[in-house]
Structures are given as C-alpha cells and as structure tokens.
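Keep the viewer open while you read.

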Amino acid sequence: MSSQLKISIGQYSDKGRKETNQDFHGVYIPKETLLTSKGIAIALADGISSSEVSQIASETAVKSFLTDYFCTSEVWSVKKSAQQVLIATNSWLHSQTRQSQHRYDQDKGYVCTLSAIVIKSTTVHILHVGDSRIYRLRGNTLEQLTKDHRHWVSQDKSHLSRALGISQELEIDDHALPVDKGDIFLLVTDGIYEFVDPDLLINLIHANEDDLDKAAQGIVDKAYAQGSTDNLTAQVVRVDELPGQDTNAIYQQLTELPFPPILEARMMFDGYQIIREVHASSRSHVYLAIDSETSIQVIIKTPSIDLRADPAYLERFLMEEWIARRINSAFVLKP
C-alpha cells in the first residue's frame, strides 16, 4: 500500500437542451497535512429547473462545501465538519429566498440538490440531499449508494422532498463505507441516470479507464443522444492508492493524544519551548512559546484543566479555531 491517498478523476458537464446549465461540480485535493486529516472532497449539485436563480444555489453549495469543509477543525470528524458546513449553506440559501421576491414560492428560490463524497484514509463518507445520485462500481457491479429524495404525486409527476434551501431545517443522509483500491465512484445528476441504464454506465467507464474525463463526457453524450432534456453532469472517481497502516496508526495517535498539563517556563511541549504564561483562568491557559525549528514566537492556548471532561466546553474550544481561520485581520492571530 502507498503511504498517501491518491485518486484519478474525470468530470464533464453540459447544459444539454436547456438554455442554462444549473448543475455545478468540483473536487478539492489538498496537500498534507490536510490530506491525512481531512481527506479528498468531491461534490455535485443540481439546481431546480423551475427557478431562475438555482444555478447560483448549486454553485454556492459546491464551492462552500469544498472550501469551508477544509477550514473546519482538523480534529472534527468528517460527519461533524460536513454537517456544520452544509447546515450553514442551507441557512444562507434559505435566507436568500426569504429576502427575494420568491419568498412565498420556494420552487423559484435558491434551491438545489447536493451529493458529495469525502475519501479519508481507507473510508468513503457519503453525504446526500436531493435526487442526484452516487454509485460505486466494483468490477462489473454498479451499486447505488444514495436514495432519491423525491415524492411521487402520480406515475409521471413528482417533486423534490428534500434539498438545500427548501426550509430552515436540513436533513442530510450520511454514512461511511470502507474503500478498496480500484473502487470507482460515479456522481451524476438526474439528467444522466434517467436516460442511461446501469450496463451502459459500466461499459462506458471500463472502456475509458485510462481517460476518466473521456468516460465522463461519454456518459453525458450518451444521455443526450438518448433524449435527455435536462442539464447533464458526471464525475468519475477512481481510488488509485490507499494510505498504509503506518499512516492510519499515526492518525489514530494524533486524535487520541492526552490533554496537556499546566505548562511552565523552559518546558518543551510538542516542539515548542514555553517562555512564560500569558493568561490563566478557569476557562483556558495561554502561553508564549518559541517554535524550536523556526525560532518563531507563537501563542499556545490549551483547554481548562477543570473543564476538559465537558464535551460541550471542548466543542466551543474547537469552534474558536474554526472561526479564527475565517477571519483575515492584522489584529487577530492566525491559528
């Protein structure tokens, strides 16, 4: 096994027979240490066709997820990080509709589906709301990993039962599965899967394993040729290498380290030499220290000795770092 997670990805999107492409998609592959602590994120969104602003919703949803997920605390779980980001995005989209002329007609508001995967270590995390789909291809078996959130009114008429921006409350499907080397994940909008059957999807992917962009475009072209009247987007993700056990063990150790004791001047702590205590209270302990490798002065803040067993307190403590990452000011220290 490799010491680092590696994937190959192909993507293609087209407006098809519509005037505007209301789909949006993207991928973010970070460098270390984020690659180990946060993984790789892939996302696809589909704006509702009844709205003239849903392409803004889908672009916002994908960009926000791919950007903000990697700004969450590195010690948060994938589920915790993703849910926080998606809840915030849902609130923003819903508020945009409420402030617009479409506040009484959600079918014309800032609404979209979102299907995303986060591949971290040897696990894939599935996050889904709406009726786009995520499949896993192993060998010649294509398995649908998501459930369509669609309410059928009659045999030929339906509407979304869940999506981003529909309401203030958001219910997200999320689950995790083990990943094998060679697994292929396929993310598609309904303009694809309603017009291309599974066997064709399998054949198109296997025929273009050396060029996944060509595989994605082939899927889009086939759906268009078979009469799709919707926007068309496909992402094909293959897991080429998985991290070795040593990397997994290191990650487990990093997330199970004990809390620091009260630190004193001249002590060495995780590569930092403590100079002096700056502030101490029942809430936290703050120290001035020097990075032993770079000789740069830093501030270290550690949890309260008295409150470290309080999960709610620790959540708020970690939230400080997340907020600080999002502030760009000469008067606020960078975490």
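## Around helix H6

The cover over the buried residues of H6 includes strand E1 (6–14), strand E11 (184–188), helix H4 (190–193), helix H5 (198–207) and strand E12 (232–241). Here, contact means heavy atoms within 4.5 Å, and buried means under 20% relative accessible area, exposed over 50%, and partly exposed in between (1.4 Å probe, protein chains only). Helices (H or I, at least four residues) and strands (E, at least two) are DSSP runs, numbered from the N terminus.

This is a predicted model, where local features need pLDDT of at least 70 and side-chain atom pairs count only at pLDDT 80 or more, while totals for chains, interfaces and linings use all residues. Residues are numbered from 1 along each chain as its sequence is written, and side-chain values use heavy atoms, with hydrogens and water left out.

Back to H6: its buried residues are Leu212, Ala215, Ala216, Gly218, Ile219, Val220 and Ala223. How far should its 14 residues span at 1.5 Å a residue? The expected span (1.5 Å times one less than the number of residues) is 20 Å, and the end C-alpha atoms are 20 Å apart, so the two agree. After H6 comes Gly227, with a positive phi near 100°.

## Two cores

A nonpolar core is a set of buried Ala, Val, Leu, Ile, Met, Phe, Trp, Tyr and Cys residues joined through side-chain atoms within 4.5 Å. The largest one has 27 residues, and Ala43, Phe65, Cys112, Leu114, Val118 and Leu164 touch the most other members.

A second, separate core has 21 residues, including Leu137, Ile205, Leu212 and Val236. Leu212 also belongs to the buried residues of H6.

## A loop residue

Asp107 sits in the loop between H3 and E4. Leaving aside residues up to four places away in sequence, Asp107 touches Ile48, Ser50 and Ser51.

## The open sheet

Four strands form an open sheet in the order E13-E14-E15-E16, with antiparallel pairing; two strands pair if DSSP finds at least two bridges between them. Its edge strands are E13 (268–269) and E16 (297–303). Seven bridges join E14 to E15, and Glu277 stands opposite Tyr287 in E15.
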